[in-house]
Amino acid sequence: MAAADPAGWPPTGGAGSLAGVLTRLRRRAAGGRAAVPGGHGDAPRLAFRADVEGLRGVATALVLLYHAGVPALPGGYVGLDVFFVISGFLITALVLRELRSTGTVSLRRFYARRIRRLLPSVVVVLAATAVAAAALMTPVDREATAGDVLAANLYVVNWRFAEQQLDYFAADLAASPVQHFWSLSVEEQFYVVWPVLLLGAALWRARRGRDPLPAVAALVVLVGAALLAYSIRHTAEQPSAAYFSTLARGWEFAVGALIAVIPARAARIPARAASLVVVASAAALAWAAVTYSDATRFPGAAALVPALASAAIIAAGLAHARTLPARLLAAAPNRWVGRISYSWYLWHWPLLVFASIAWGDLSVPARVAVVAASVVPAWIAHRAVEEPFRRSRRLAASPGLTLRLGVACTAVVALVGLASWTSVPSVPVATAAEAVGARALERDTGLQASARAIRPAPRSAVRDRGRADADGCLVRRSATRSPACVYGDPLSRTTVVLFGDSHAMQAFPALEPIARRRGWRLVVLTKAGCTPAAAATWHARAKRRFTECERWRDHALRRVARERPALVVAGNLDTHVVVRDGRRLEAREGAAALERGLAATLRRLRATGARVAVIGGVPHPPIDARACVSRSLRSLRDCSFPRRAAYDHPAVNLRAARRAGARSVDLTPVLCPGSRCPAVIGNVLVYRNTTHVTATYMATVSRWLERRLPRPARR
């Protein structure tokens with residue numbers, strides 16, 4: 001932590017010190033109004049900014065209404081970008097004011113102020129979330145939430161969520177009640193690093209007896225430009241992960257910081273011009289909130305609109321704080337929302353998540369009502385927790401005491417999170433002999449009422465993907481070629497190819513034993529999220545056309561031709577989104593295009609002389625089966641679901657097989673044998689997420705599948 005006189009410096013106020021340099025600059029300044037280049041001797045620039053508080057209120061409203069699902073604001077998430085810019089401006093202004101006044105920055109006092117302002121409310125919300133999760137969530141979801149709470153407590157949960165966005169099979173994870181803490185984690189990481197960088201730049205310049213503020217301004221510009229370039233590139237490659245990335249967001253803080261280092265004279269523009277700037281910037285912000293959506297590749301270049309609009313509003317207020325637009329921003333309702341924005345932001349999202357758990361999917365009016373109701377605990381927490389700690393004279397006078405309080409708060413939440421984690425009830429794991437799976441249907445096709453133990457355990461089911469997946473044979477998004485991936489008898493003259501996306505890969509645990517029994521050479525060519533159909537598709541996480549899939553598919557088909565297989569087994573998700581002429585096809589049009597494309601691929605496969613089989617009939621459970629089973633082992637019927645709901649998507653695979661003259665293998669009899677589809681069959685958990693079957697269950701389907709595959713062609 002920096003003291004008043006860091007080691008190696010001349011005494012504060014000496015000729016070569018930062019304080020001495022700033023003192024000389026102040027003496028040179030005329031009239032004392034612009035005491036330091038950058039305008040930080042300007043009293044108005046350091047005074048309370050009612051318009052900024054009002055801007056914070058507007059940003060809060062945008063985010064809350066977006067989270068409530070209001071259709072008119074599909075881009076309301078840009079309110080968070082406004083927060084980032086405001087934080088960059090305020091923190092930089094505070095740091096520079098202290099530099100001007102004392103010649104250094106007390107990092108102990110800086111971090112103590114952040115702790116008093118932020119941490120007490122965080123402790124209350126995270127602890128309440130952990131308790132509510134224990135009462136309302138399934139064991140599987142409780143475990144995930146406990147991990148999220150621990151990560152949020154350490155302000156690294158944004159990286160946890162970013163990593164999940166890179167995991168193809170994490171797409172079906174339920175919304176975390178602390179998901180909104182990602183933005184707080186980004187801010188806290190900024191608070192840790194930014195004052196140190198500013199102080200370092202100032203010290204480096206002051207050692208040469210020069211005005212340090214140009215160095216600070218240069219640092220802001222260089223860091224901001226570098227992070228913006230990174231954000232644009234990372235967003236182009238992985239927009240879903242970039243959304244949570246501190247590095248992809250850091251330039252927005254720099255935009256706000258740049259306003260804090262602009263010379264006062266540069267901000268002096270006519271009042272009318274300042275008014276026009278605010279109006280135009282507010283219009284740009286509203287445009288982004290209305291026209292952006294979850295399909296927008298964000299942050300990247302798209303975030304420039306809300307970031308620059310926010311910065312312009314703040315800069316215009318520096319020039320003229322009493323213009324009509326500024327007064328509208330500073331209106332009492334805006335300021336009131338801005339004043340409690342921190343607490344309201346903390347409370348609204350957990351209440352939305354828990355309300356959805358308690359009452360099911362909420363309508364938009366219901367979500368708006370929940371968000372509105374969340375103002376009650378937010379206001380109470382603001383008055384009873386946030387303000388008393390922030391204004392405590394005792395804590396303000398003792399940074400050391402505040403820092404110890406911060407450690408204690410973090411420890412309390414960590415203990416609550418660990419207690420929640422360790423108290424999650426575990427489901428007994430069935431032995432291999434008990435886990436008969438699909439073989440149980442040979443005796444009884446009715447729903448299994450209960451189980452003493454099941455396999456795999458619900459909490460680990462998402463990783464139950466089979467050997468080939470673990471070997472890297474289901475290649476991920478950026479790959480355009482598959483590795484060798486040869487199983488069974490590598491010297492056999494009978495080659496069988498498993499070809500397609502993850503729905504093809506999930507057949508591997510059933511197909512590999514067949515290959516071993518029959519002496520086949522089994523080649524696996526699969527890519528996550530990539531349809532084998534001859535069609536351009538949309539990648540939801542990359543938010544663009546999935547061009548890597550098209551290149552992979554072309555290469556894989558050429559490899560199939562070289563392999564001269566006797567049998568090709570294809571698999572495909574029935575609901576891939578097809579792109580045509582730059583637009584995504586919806587509903588029936590998209591399904592028809594996918595069916596035609598898959599039929600074209602199947603004909604191409606048949607042209608190699610191979611027999612072709614297409615696996616279809618995989619239900620899409622409308623519930624999280626593994627989460628339900630984790631708390632309903634004694635009432636498994638509660639985790640079954642209607643067949644009609646599970647098959648509400650077009651049977652693209654089965655239709656394409658008929659169109660192309662290929663064999664279709666409908667898995668419905670072994671996945672949904674009655675009017676309701678079970679989540680557990682023969683003591684085996686059937687589903688690992690909402691579209692994939694566990695490897696454990698598919699292995700029990702092997703004999704059934706063997707009887708339905710066509711005989712390989714003679715070679």
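Where is the place of P299? P299 sits in the loop between helix 12 (271-291) and helix 13 (304-319). A cis peptide bond joins F298 to P299, with omega at about 10°.

The structure is a predicted model, in which local features need pLDDT of at least 70 and side-chain atom pairs count only at pLDDT 80 or more, while totals for chains, interfaces and linings use all residues. Residues are numbered from 1 along each chain as its sequence is written, and side-chain values use heavy atoms, with hydrogens and water left out.

The protein chain contains 31 helices and 15 strands. Both are DSSP runs numbered from the N terminus: helices are H or I with at least four residues, and strands are E with at least two. Along the principal axes, the C-alpha atoms fill a box of roughly 95 × 50 × 50 Å. Of the 715 residues, 57% count as buried. Buried means under 20% relative accessible area, exposed means over 50%, and partly exposed lies in between (1.4 Å probe, protein chains only). The accessible surface comes to about 29,600 Å². Carbon and sulfur atoms hold 58% of that surface. Areas come from the Shrake-Rupley method with a 1.4 Å probe; for residues, only the protein chains shown count as cover.

Contacts (heavy atoms within 4.5 Å) were sorted by sequence separation. Among those with a separation of 6 or more, 79% link residues 24 or more positions apart. The chain carries 93 positive and 44 negative side chains. Lys and Arg count as positive and Asp and Glu as negative; His and the chain ends are not counted. Each charge is placed at NZ of Lys, CZ of Arg, CG of Asp or CD of Glu. The centres of the two sets lie 4 Å apart.

The second largest pocket holds about 1,300 Å³ of space. A pocket is an open set of points on a 1 Å grid over the protein atoms alone, with protein on both sides within 12 Å along at least five of seven lines; lining residues have an atom within 4 Å of a point. Grid points are joined across faces, edges and corners, and the volume is the space filled by probe spheres set on the points. The lining comprises 41 residues. R56, L90, R114, R117 and R390 lie nearest the pocket centre. Helix 4 gives the most to the lining, with 11 residues. Other helices that each supply at least two residues include helix 3 (50-67), helix 5 (107-136) and helix 18 (375-390).

S121 belongs to helix 5. S121 is buried, at 4% relative accessible area. Beyond its neighbours within four places in sequence, S121 contacts Y342, S343, L346, V385 and E386.

Most residues other than glycine have a negative phi, and most peptide bonds are trans. A cis bond also joins R455 and P456, with omega of about -5°. P456 lies in the loop between helix 20 (399-422) and helix 21 (467-470). D581 is not a glycine, yet has a positive phi of about 55°. D581 is in the loop between strand 8 (579-580) and strand 9 (583-584) and is exposed at 79% relative accessibility. A587 also has a positive phi, near 40°. A587 is found in helix 25 (residues 587-606) and is exposed at 65%.

H649 lies in the loop between helix 27 (643-646) and helix 28 (652-660). H649 counts as buried because its relative accessible area is 12%. Setting aside residues up to four places away in sequence, H649 touches D574, T575, V618 and H620.

Technical notes. 1 Å grid on protein atoms, 1.4 Å probe; cavity = no way out; pocket = protein on both sides within 12 Å on 5 of 7 lines; lining within 4 Å.
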